[in-house]
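This report describes a ligand site and selected backbone features of one protein model. The sequence and structure are displayed below for reference.

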Amino acid sequence: MLVTLEGLDGSGKTSAWEALREEFPEAVFTREPTSSWYGESVARSMGDDDANPLAELFLFTADHADHLSRVVRPALADGSLVVSDRYSDSRFAYQAASLADSYLAGGRDPLEYVREIHAAFSHPPDRTIYLDVDPETAAERAGATNKFERVAHLERVSENYERLIDAEPERFVRVDATQPLPDVIAAVTEHVAAFTDD
Ligand code: TYD
């Protein structure tokens, strides 16, 4: 089973993922962007305010393709529970928000376009936990360290996540990430335990 954690920056996602590591020691824990050289290229692009949003989408997607073949598919083939801190929904939400200011031919919807690219090769998550926090709180907590963390951008990202949840309500569970972190962690742990009992 593939479980992914998604949410805005500063939602407590990475802390929840670290707590899950202790609770589910047999599971495979992974994240996107990865630490491979593809992931390093992504980091380089994210640090560049002038990066081309379309080029950046393909860097993130290249990192995902490598992550799938090197980590995710082998772990799933072994029957492991795989828990990924960010995954394809991050591209659907974040890169669709970046592409909204850009130029896709023929009035294409950025979110649909990014989904279509993934549909050709990706492995969709079985369940996704969405750590729900408002864009203002997210930006404040994250300290706006990179261009994706600005409030206006996070508002668009948040709207995109809502579209994804509306489209697949059975895949997502929502956790209120404005609660104190220990409560967020407890809720996330309960959800993963419930998924694995099903
Ligand atoms: P990450 O290292 O997970 O940071 P955080 O711990 O704040 O979530 O992700 C770094 C940034 O990369 C984050 O602002 C979200 C962005 N991102 C994308 O825009 N697209 C993607 O596909 C992924 C995986 C991340």
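In which loop is Pro33 found? In this predicted model, Pro33 belongs to the loop that runs between strand E2 (28-31) and helix H2 (37-46). The peptide bond leading from Glu32 into Pro33 is cis, and its omega angle is near -5°.

**The ligand and its shell**

The ligand takes up the space of the largest pocket. Two elements each give two or more residues to the shell around the ligand, namely helix H1 (13-23) and helix H4 (88-99). Of these, H4 gives the most, with four residues. Divided by class, the shell holds six charged, five nonpolar and three polar residues. There are 14 residues around the ligand, and those that come nearest are Asp9, Arg86, Arg91, Tyr94 and Gln95.

| Residue | Distance from a polar (N or O) side-chain atom to a ligand oxygen atom |
|---|---|
| Arg86 | 2.9 Å |
| Arg31 | 3.4 Å |

Taken alone, the ligand exposes 540 Å², and the protein buries 87% of that area.

**Arg86**

Arg86 is among the residues that come nearest to the ligand, and a polar atom of the Arg86 side chain lies 2.9 Å from a ligand oxygen atom. Arg86 is placed in the loop between strand E3 (82-85) and H4. The backbone of Arg86 has a phi near 70°, which is a positive value in a residue other than glycine. Is Arg86 buried or exposed? The relative accessible area of Arg86 is 12%; because this falls under 20%, Arg86 counts as buried.

**Arg73**

A further arginine, Arg73, has its place in helix H3 (residues 53-77).

Key. Residues are numbered from 1 along each chain as its sequence is written. This is a predicted model: local features need pLDDT of at least 70, side-chain atom pairs count only at pLDDT 80 or more; totals for chains, interfaces and linings use all residues. Side-chain values use heavy atoms; hydrogens and water are left out. A residue is near a molecule or strand if one of its heavy atoms lies within 4 Å of it. A polar contact is a pair of N or O atoms within 3.5 Å; within protein, one must be able to donate a hydrogen and the other to accept it, and residues adjacent in sequence count only if both atoms are side-chain atoms. Accessible areas come from the Shrake-Rupley method with a 1.4 Å probe; for residues, only the protein chains shown count as cover. On a 1 Å grid over the protein atoms alone, a cavity is a set of points where a 1.4 Å probe fits but cannot get out, and a pocket is an open set with protein on both sides within 12 Å along at least five of seven lines; lining residues have an atom within 4 Å of a point. A molecule sits in a cavity or pocket if more than half of its atoms lie within 2 Å of its grid points. Ala, Val, Leu, Ile, Met, Phe, Trp, Tyr, Cys and Pro count as nonpolar, Asp, Glu, Lys and Arg as charged, and the others, Gly among them, as polar. Buried means under 20% relative accessible area, exposed over 50%, partly exposed in between (1.4 Å probe, protein chains only).
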